[in-house]
Amino acid sequence: MKVSRSTLLRHCRYAAMALIVSGGAAGAAAAETLAERANRGLVELMTSDDPASIEMAQDLANLLDDGATRRVLPVVGHGGVPALIDLKALRGVDMSIVQTDVLDYAKQHGAVPGLDASITYIAKLHIEELHVLARADIRKIEDLAGKKVNFGGGATITGPAVLELLQVKVVPVFDNRMLALQKLKSGEIAAVAYVAAKPAPLFDVLRGGEGLHLVAIPYKPALSAAYLPARFTADDYPRLVAADQPIDTIGVGTVLVAVNLQPDTERYHNLVNFVDALFTQFPRLQEEQFHPKWRDVNLAAELSGWKRFATADTWLKRNAVAAAPALNDTEMHLIFSKFLDERTKLSGGSTLSTQEKDQLFNRFRQWQATQVR
């Protein structure tokens with residue numbers, strides 16, 4: 001079995017720590033040396049419990065932990081607003097992977113006092129999809145009106161927000177996802193809303209679908225300010241999606257944010273070291289051995305309304321490359337309109353009016369401006 005250089009270096013460091021511990025007679029000096037070695041270059045990265053975020057955090061640890069000057073410690077949190085509270089309040093947590101709509105919600109509703117001054121963002125990351133798993137009698141999203149729907153994890157914010165924008169009023173339930181699946185199977189609730197990068201391992205427990213299916217979420221203009229169009233195919237969920245009948249849904253962005261640390265502190269310098277290494281070595285994360293969602297990440301994409309961590313901003317400006325010639329608005333509008341028409345035809349939805357297409361195109365242009373420097 002081939003062992004990577006970073007893994008070998010980590011093992012060497014841990015072996016050195018073990019030798020220090022075994023020589024207990026050295027007393028306090030040895031203990032101090034052990035603590036210094038264990039914490040050298042340490043940054044703690046909190047993720048949600050979405051498997052993709054966890055695996056991507058592990059990718060960062062495997063690539064960037066050099067066994068001597070830098071250590072990345074992934075920590076699994078709860079996601080949603082609690083992740084922002086933990087980032088601000090917990091000792092030692094330096095970064096977190098959070099959903100962009102959670103950031104916006106916390107900012108707009110004052111869910112985390114002083115949030116603007118407490119965090120900066122390092123980079124926008126991957127897209128996660130909203131899954132609405134329902135009983136057979138729920139054929140379209142409007143059928144959920146007045147019924148119990150479970151929201152957990154990242155869907156605690158995204159699910160109610162999307163349904164409100166679609167003007168579908170439901171009875172919210174907030175059980176953990178495994179209990180929610182049991183209640184869905186027994187008929188106690190009508191649907192489970194779940195945000196995760198596809199394909200989500202949660203649905204592997206469904207054998208033959210068990211009479212459950214994924215409900216399509218139509219991409220309407222009201223959703224375009226905060227969400228992106230997405231789709232499930234049979235390749236993603238062969239037990240839940242027919243080969244010739246893809247299911248439309250929405251995607252929500254994720255972002256790597258950092259606590260606003262005091263300069264000239266050890267933690268701040270450790271974070272600077274991490275960010276510089278991440279941006280410098282980022283092309284390696286897009287190689288086959290790492291999670292495929294890394295190949296969707298554009299480090300230069302900007303998060304509107306939020307300040308980027310200074311080291312990341314400086315690195316991007318120093319390493320900026322010339323952009324390719326852009327299509328003019330007329331050409332882009334034509335392509336966008338054809339795209340909308342094709343998606344509407346495939347999904348069997350109503351044809352959008354010219355005004356609706358114009359509104360969506362304007363939203364698209366606003367979003368596009370945040371994606372490329």
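The paragraphs below go through a predicted model of one chain, from its overall make-up to single residues.

The chain has 373 residues, and buried residues make up 47% of them. Its secondary structure comes to 12 helices and 10 strands. Contacts can be sorted by how far apart the partners lie in sequence. Among contacts between residues at least 6 apart in sequence, 76% join residues at least 24 apart. Some of the residues described below are examples of such pairings across the sequence.

Strand β1, which covers residues 42-47, contains Met46. Met46 has a relative accessibility of 3%, so Met46 counts as buried. Beyond its neighbours within four places in sequence, Met46 is in contact with Val75, Gly77, Ala83, Asp86, Leu90, Val93, Met95, Ser96 and Ile97. Val98 is 52 residues from Met46 in sequence, and the C-alpha atoms of the two are 9.1 Å apart in space.

Strand β4 holds Glu129. Although glutamate is a charged residue by class, Glu129 is buried, at 4% relative accessibility. Apart from neighbours within four places in sequence, the contacts of Glu129 include Tyr194, Val195, Ala196, Ala197 and Lys198, and also Thr249, Ile250 and Gly251. Lys293 is another of the contacts of Glu129. A separation of 8.8 Å lies between the C-alpha atoms of Glu129 and Gly253, which are 124 residues apart along the chain.

Lys293 itself sits in the loop between α9 and α10, the latter being residues 310-318. Lys293 counts as buried because its relative accessibility is 9%, and the cut-off for buried is under 20%. Not counting residues up to four places away in sequence, Lys293 touches Met56, His126, Ile127, Glu129, Ala197 and Lys198. Along the sequence Lys293 and Ile127 are 166 residues apart, while their C-alpha atoms are 8.0 Å apart in space.

A cis peptide bond joins Lys198 to Pro199, with omega at about -10°. Pro199 belongs to the loop between β7 and β8, where β8 is residues 213-214.

Two of the helices show which residues are turned inwards. In α5, residues 100-109, the buried residues are Thr100, Asp101, Val102, Leu103 and Ala106. The elements that cover these buried residues include helices α4, α6 and α7 and strands β3, β4 and β10. Directly after α5 comes Gly110, with a positive phi of about 60°.

Helix α9 runs over residues 266-285, 20 residues in all. At 1.5 Å a residue α9 should span 28 Å, and its end C-alpha atoms are 26 Å apart, so the two values agree. The helix bends by about 45° at Phe279, and Pro283 follows within four residues. An α-helix has 3.6 residues a turn, so residues three or four places apart point the same way. The buried residues of α9 include Leu271, Phe274, Val275, Leu278 and Phe282. Tyr268, Asn270, Ala277, Phe279 and Leu285 are buried as well.

Positive phi also occurs at residues other than glycine. Gln167, in the loop between α7 and β6, has a positive phi of about 60°. Its relative accessible area is 72%, which means that Gln167 is exposed. Asp264 lies in the loop between β10 and α9, and its phi is near 65°. With a relative accessible area of 69%, Asp264 is exposed too.

The last topic is empty space inside the model. Rolling a probe the size of a water molecule over the atoms shows where empty space is left. Three cavities of 30 Å³ or more are found in the whole structure. The largest cavity holds about 110 Å³ of space. Its lining consists of 16 residues, and Ser48, Gly79, Gln99, Glu128 and Gly154 lie nearest its centre. By class, five of the lining residues are nonpolar, seven are polar and four are charged. At least two lining residues come from each of α4, β3 and β7. Strand β3 gives the largest share, with three residues.

Methods. Residues numbered from 1 in each chain as written. Predicted model: local features only at pLDDT ≥ 70, side-chain atom pairs only at ≥ 80, totals over all residues. Heavy atoms only, no water. Expected span 1.5 Å × (residues − 1). Bend = angle between axes of the 7 residues up to and from the residue. Buried < 20%, exposed > 50% of the residue type's maximum accessible area, 1.4 Å probe, protein only. 1 Å grid on protein atoms, 1.4 Å probe; cavity = no way out; pocket = protein on both sides within 12 Å on 5 of 7 lines; lining within 4 Å. Points joined across faces, edges and corners; volume = space filled by probe spheres on them. Contact = heavy atoms within 4.5 Å.
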